[in-house]
Amino acid sequence: MLAKTRGPVTDLTPRAPVRAAPRPRDGRSSKHVQIRCFTVGRFQVNTYLITDPSTGAAAIVDTGETRELVERLATLEPKPDIRMILLTHGHTDHAGGLTYLQEVYDVPTYLPRAELPLFERLPEQGTWFGAPQLNRPCGRIDHLIDDGAQIQLGALTLRFVSTPGHTPGQGCYVEGGDIIVGDTLFAGSVGRTDFPLSDPALARKSLRRLFELPGELRVHSGHGPVTTLAKELAQNPFLGFLRMERRTA
Ligand SMILES: [Zn+2]
């Protein structure tokens, strides 16, 4: 597969994460939103269940590439009232399980518009990475979203922030003090840009933009532990360019 320095299990995941990863945080919640993390599949991707406690309305963010998320959601009591599926980007570990979810949850599904060219290649993505068994059908997309799009989930309003680079249209979902970033940023690392349709220059631009958001935002990444923007700006070894730009600005 593509990575030169890592085994096959994490090839779609970050370059060498620097900090050890304490394991998830199911049930992490603030007063007005509950964000539960389910780490699934061969790539140990973090998928999320966002719930508005005031109405019970819930959204799935990302899918894994197997049926594992479907199986884990099926064990929850009370059953989540899933109203929508949101995708951060179209890599198979984040979107490859969409058809499995849609068999059970026939709900509106959202994809960043600029991500379509990658998403539509799900049937061949496994082959790109030397693992044709991970080729997947595309599933159904109901809404293509652009930067600034607002999505209502019960009483919550999720805002979509486009952060392309790792992929052509990858983006983040912000709600209150939380941001789900897909593979834009990780604790101690950033999304790889050596994949087909990646764009390193665009990724830097997106990171610049991401870090204009408040530092206290809790960052829920596509792989690895929760962090904050402030912590990453201070410590992330892949953000030296940002620290330098800020010192000289
Ligand atoms: Zn990815």
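Strands β9 and β10 pair in the antiparallel sense, joined by four bridges; two strands count as paired if DSSP finds at least two bridges between them. Within this pair, Val-161 stands opposite Cys-172 in β10. Strands here are DSSP runs of E with at least two residues, helices are runs of H or I with at least four residues, and both are numbered from the N terminus.

A word on the model itself: it is predicted, so local features need pLDDT of at least 70 and side-chain atom pairs count only at pLDDT 80 or more, while totals for chains, interfaces and linings use all residues. Residues are numbered from 1 along each chain as its sequence is written.

Let's step back to the sheet. β9 and β10 belong to an open sheet of six strands with mixed pairing, in the order β8-β9-β10-β11-β14-β15. Its edge strands are β8 (150-153) and β15 (227-228), each of which pairs on one side only. Further along, β11 (residues 178-182) runs parallel to β14 (residues 218-221), with four bridges between them. Ile-179 stands opposite Val-219 in β14, and Val-219 also has Thr-227 in β15 as a bridge partner. β14 and β15 are antiparallel, with two bridges, and they form a hairpin with five residues between them. In that turn, Gly-224 has a positive phi of about 85°.

A residue is buried if 20 or more other C-beta atoms lie within 10 Å of its own, exposed if 12 or fewer, and partly exposed in between, with C-beta atoms placed from the backbone.

Two residues are in contact if their C-beta atoms, placed from the backbone, lie within 7 Å. Beyond its neighbours within four places in sequence, Val-33 is in contact with residues including Ile-50, Leu-156 and Glu-175.

Outside the four places on either side in sequence, its contacts include His-89, Arg-113 and Ser-162.

Finally, the whole protein: it has eight helices and 15 strands, and buried residues make up 45% of its 249 residues. Of the contacts with a separation of 6 or more, 64% are between residues 24 or more positions apart.
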